[in-house]
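Have the viewer open as you read.

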Amino acid sequence: MRAQLATTYMNKVKIFSALFLALAALISCNRDDDNNSAPIRDYGEQYTADILAIETYLKTHTLTVTTIDGQPDVSITAIPTGNPDNLISIWDNTAYPLQSKIVQNDNRTSNAVDGELVDDTQYKLYYLTINTGGGATAKSIDSTYVSYRGWKLDNAEFDRNANGLWFTYPPVTSAETNAVSISGFRQILSGMNASTGIINNPDGTFSFQNSGVAVAFLPSGLAYFSAARTGIPAYSPLVFTIRLHTIRERDHDRDGVLTKYEDLNNDGNPFNDDTDGDNTPDFFDIDDDGDRVQTRFEVRDENNIRYPFELIPTCPGGTQKRHLDPNCN
């Protein structure tokens, strides 16, 4: 009976999911129409132009750490011709040394296992650590509470948020923004440290203590690429101040197993873990092993109490936890 009820429920969930995805696609299409995407260029060729523009910016601008809207930030200005004041460029500064890492565009065309975006470009992602932060280190699968400010290489600001927003990729609820789908933004966040605590101010507001703060310089392939946004032409490299305030672990499919445990090969990419081979990654699959019994039922004991992940039992004679073993339900 339990298996029958689970199957019925699972079918309803799949129908609802299909309707939700269809609606999301419609909304996305309408949004893209409004953004007037430019003709698609080759990722590698565009990156060559972008990295030259970014490195020129870094060598011809100077940086001052400041406060904007009560938040740690930076002021970046062009060095005058001839540099009469002997200003130190971002490229040469030692107070906040320029760092970089080689990354790939990890945006996706869908959340399916085979939904990877085809972009083999090796991007050099420059960034500055303004404050290391004292809290937990974010992973790509975490929800992150972030404030930020963004501008283009002409120093024209296009967006800021001083109060903070929850970012989750992919989003878990409608209350969480998908803005962190900007690949470079997300890949800087992953590895940053959150704050050490929250301060309740006398006026009823709150602030964060010792948040991680970074400045990231994104090639367009790690930003919006060919899609224009308000104040952002297509193929624009972008700069962001990113402040990570707090982190929350998530269970994307709400099956009782945290997403971090559904990255079975521990490579930091939960999209390529698919136990039952149905092209739905385990962290989005409510029946991980395809045995027609939902995972959420298989990770509970006979008293309907959820096991801690490390205590989820294996089948008799089996080697996998029972929610990953189709021979055990």
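## The second largest pocket

The lining of the second largest pocket is made up of eight nonpolar, eight polar and five charged residues. In this classification, Ala, Val, Leu, Ile, Met, Phe, Trp, Tyr, Cys and Pro are nonpolar, Asp, Glu, Lys and Arg are charged, and the others, Gly among them, are polar. Of the 21 lining residues, Asp 106, Arg 108, Glu 116, Asn 269 and Phe 271 lie nearest the centre of the pocket. The space in this pocket is about 430 Å³.

On a 1 Å grid over the protein atoms alone, a pocket is an open set of points with protein on both sides within 12 Å along at least five of seven lines, while a cavity is a set where a 1.4 Å probe fits but cannot get out; lining residues have an atom within 4 Å of a point. Grid points are joined across faces, edges and corners, and a volume is the space filled by probe spheres set on them.

## About the model

This is a predicted model, in which local features need pLDDT of at least 70 and side-chain atom pairs count only at pLDDT 80 or more, while totals for chains, interfaces and linings use all residues. Residues are numbered from 1 along each chain as its sequence is written, and side-chain values use heavy atoms, with hydrogens and water left out.

Helix H2 covers residues 43-60, and its 18 residues reach 26 Å from the first C-alpha to the last, close to the expected 26 Å. That expected span is 1.5 Å times one less than the number of residues. Helices (H or I, at least four residues) and strands (E, at least two) are DSSP runs, numbered from the N terminus.

Which residues of H2 are buried? They are Tyr 43, Gln 46, Tyr 47, Asp 50, Ile 51, Ile 54, Tyr 57 and Leu 58. These residues lie on the same side of H2 because they cover an arc of only 130 degrees around the axis, taken from the directions from the helix axis to the C-beta atoms. An α-helix has 3.6 residues a turn, so residues three or four places apart point the same way. On the other side of H2, Glu 45, Thr 48 and Leu 52 are exposed. Buried means under 20% relative accessible area and exposed over 50%, with partly exposed in between (1.4 Å probe, protein chains only).

The buried residues of H2 pack against several strands, including E1 (61-68), E2 (71-78) and E4 (123-131); contact means heavy atoms within 4.5 Å.

## Two cavities

There are two cavities of 30 Å³ or more. The largest cavity holds about 70 Å³ of space, and among its twelve lining residues Ser 140, Asp 142, Thr 144, Arg 186 and Leu 189 lie nearest the centre.

The second largest cavity holds about 30 Å³. Its lining has three nonpolar, one polar and five charged residues, and strand E6 gives the most, with three residues.

## Backbone spots to check

Most residues other than glycine have a negative phi, and most peptide bonds are trans. Tyr 169 and Pro 170 are joined by a cis peptide bond with omega of about -15 degrees; Pro 170 is in the loop between E6 and helix H3 (183-189).

Tyr 235, in the loop between E9 and E10, has a positive phi of about 60 degrees and is buried at 7% relative accessibility. Asn 266 also has a positive phi, of about 55 degrees, but is exposed at 64% relative accessibility.
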